[in-house]
Amino acid sequence: MKRIALLGSTGSIGVNVLEVVRQFPEDYSIVGLAAGRNLDRLKAQVLEFDPEVISVIDEKHAEKIHAMLPTKYRTRVVCGTEGNCLVASHGDADITVSAIVGAAGLLPTLAAIRAGKPVGLANKETLVMAGRIVMAEARKHNVPLLPVDSEHSAIFQALEAGHRKDVAKIILTASGGPFRGKSREELQRVTREQALNHPNWDMGQKITIDSATLMNKGLEVIEARWLFDIGADDIEVVVHPQSVVHSLVEYQDGSVMAHLGIPDMRIPIAYALSYPRRLPLKLKPLQLSQCSNLEFHDPDYDSFPALGMAFEALRTGGVAPAVLNAANEVAVAAFLAERIGFTQIPETVAFTLNEVHQGSDESLEDILAADAAARVSAEQKISALA
């Protein structure tokens with residue numbers, strides 16, 4: 001049996017991880033759960049999976065979950081970044097799944113790596129912010145990083161068809177979100193509800209908005225650079241509205257290996273948990289006879305500038321990717337709170353990238369300082385826009 005420490009248990013990825021565990025109870029168990037503010041969902045998960053340690057976002061939520069759970073769990077509750085790190089590095093865990101959304105996932109993921117835990121990585125911000133450091137720590141501790149994002153799992157599998165030295169290009173597919181084909185002028189009138197209505201995937205609010213702006217694909221570009229040790233010029237993004245081809249690898253002889261499947265996150269999650277085996281998930285199979293109209297288009301960098309910003313941040317290096325991520329997190333939260341408009345999300349990110357740029361990507365202290373400074377700068381911009 002493989003024992004799992006799960007970071008972000010109440011989010012969309014975490015819920016799907018537990019669906020896989022529920023389907024294969026003889027293969028997997030849960031030793032730790034870390035969650036945010038959804039205490040009702042966390043309570044149900046604790047009562048079902050009986051973890052040895054439970055982490056919540058802060059002391060206030062720790063007190064609340066204490067009151068909601070049977071007495072035996074009260075000594076198992078921890079909180080904050082320290083609590084998340086305790087879950088991530090739990091001594092009995094055989095694998096840690098990092099599915100916390102945003103920058104909050106960085107330190108717990110590093111804690112898991114330094115504890116020698118294989119990591120199922122769904123928190124792309126870990127590599128966006130500190131890819132150089134994280135990959136160095138993974139090599140130092142001989143820890144595999146197993147991608148959980150559908151696109152990176154697809155690349156990971158396509159790379160098994162050849163040798164890394166023969167790779168010419170990695171091609172990430174993007175659905176295009178709900179606003180594919182819209183002009184910048186049309187995007188200025190987008191509402192919160194429209195942006196949260198993704199055509200193909202059921203995701204959390206933050207990732208859904210990132211998908212709508214194409215920032216999610218930009219973050220995935222940066223993640224792919226580190227995860228697969230490939231330069232920005234050898235990563236391409238294509239818009240593929242059907243979400244059937246999850247990504248591709250082009251080899252130097254012209255061969256292109258594509259990963260196809262239905263849009264269901266349980267597939268890449270199960271592969272990360274069971275690698276190199278594959279689990280009989282009993283999902284509805286892909287019907288190729290219904291896939292006669294697969295489309296691929298170049299992204300519209302003018303209407304969706306976030307993707308270009310991510311490429312530029314990657315090429316700039318240093319703390320630029322961390323600044324990009326932090327500003328985007330603040331801007332998306334402001335959009336969800338209806339404080340700014342949809343097109344003001346990338347506008348806020350662009351402003352912050354120009355304001356904050358000091359630091360080295362070889363220093364965790366510099367990265368965290370840039371993250372904090374970027375959040376202040378982004379908030380100042382948002383206040384000026386409001």
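Strand 3 and strand 4 (residues 77-79) run parallel and pair over 3 bridges, where pairing takes at least two DSSP bridges between the strands. Helices (H or I, at least four residues) and strands (E, at least two) are DSSP runs, numbered from the N terminus. Within this pairing, Val56 sits opposite Cys79 in strand 4.

Before going on, a word on provenance: this is a predicted model, with local features needing pLDDT of at least 70 and side-chain atom pairs counting only at pLDDT 80 or more, while totals for chains, interfaces and linings use all residues. Residues are numbered from 1 along each chain as its sequence is written, and side-chain values use heavy atoms, with hydrogens and water left out.

On to the other partner of strand 3. Strand 2 (residues 28-34) pairs with strand 3 in the parallel sense, again over 3 bridges, and Ala34 faces Ser55 there. As for strand 3 itself (residues 53-56), Val53 and Ser55 point one way, Ile54 and Val56 point the other way, and all are buried; buried means under 20% relative accessible area, exposed over 50%, partly exposed in between (1.4 Å probe, protein chains only).

| Strand in | Helix | Strand out | Hand |
|---|---|---|---|
| strand 2 | helix 2 (residues 39-49) | strand 3 | right-handed |
| strand 3 | helix 3 (residues 59-68) | strand 4 | right-handed |

Right-handed here says that, with the strands pointing away from the viewer, the path from the first strand over the helix to the second runs clockwise.

Now the pocket. The largest one holds about 1000 Å³ of space. The search uses a 1 Å grid over the protein atoms alone and a 1.4 Å probe; a pocket is an open set of points with protein on both sides within 12 Å along at least five of seven lines, and lining residues have an atom within 4 Å of a point. Its lining counts 40 residues, with Gly36, Arg37, Ile100, Val101 and Gly102 nearest the centre. Helix 14 contributes the most to that lining, with 5 residues. By type, the lining splits into 17 nonpolar, 15 polar and 8 charged, with Gly counted as polar.

Zooming out, the protein has 16 helices and 11 strands. Its radius of gyration (over C-alpha atoms) is 20 Å, close to the 21 Å from the globule rule (2.2 Å times the number of residues to the power 0.38) for 386 residues, so the protein is as compact as a globular protein of that length. Buried residues make up 56% of the 386.

How values were computed. Grid points are joined across faces, edges and corners, and a volume is the space filled by probe spheres set on the points.
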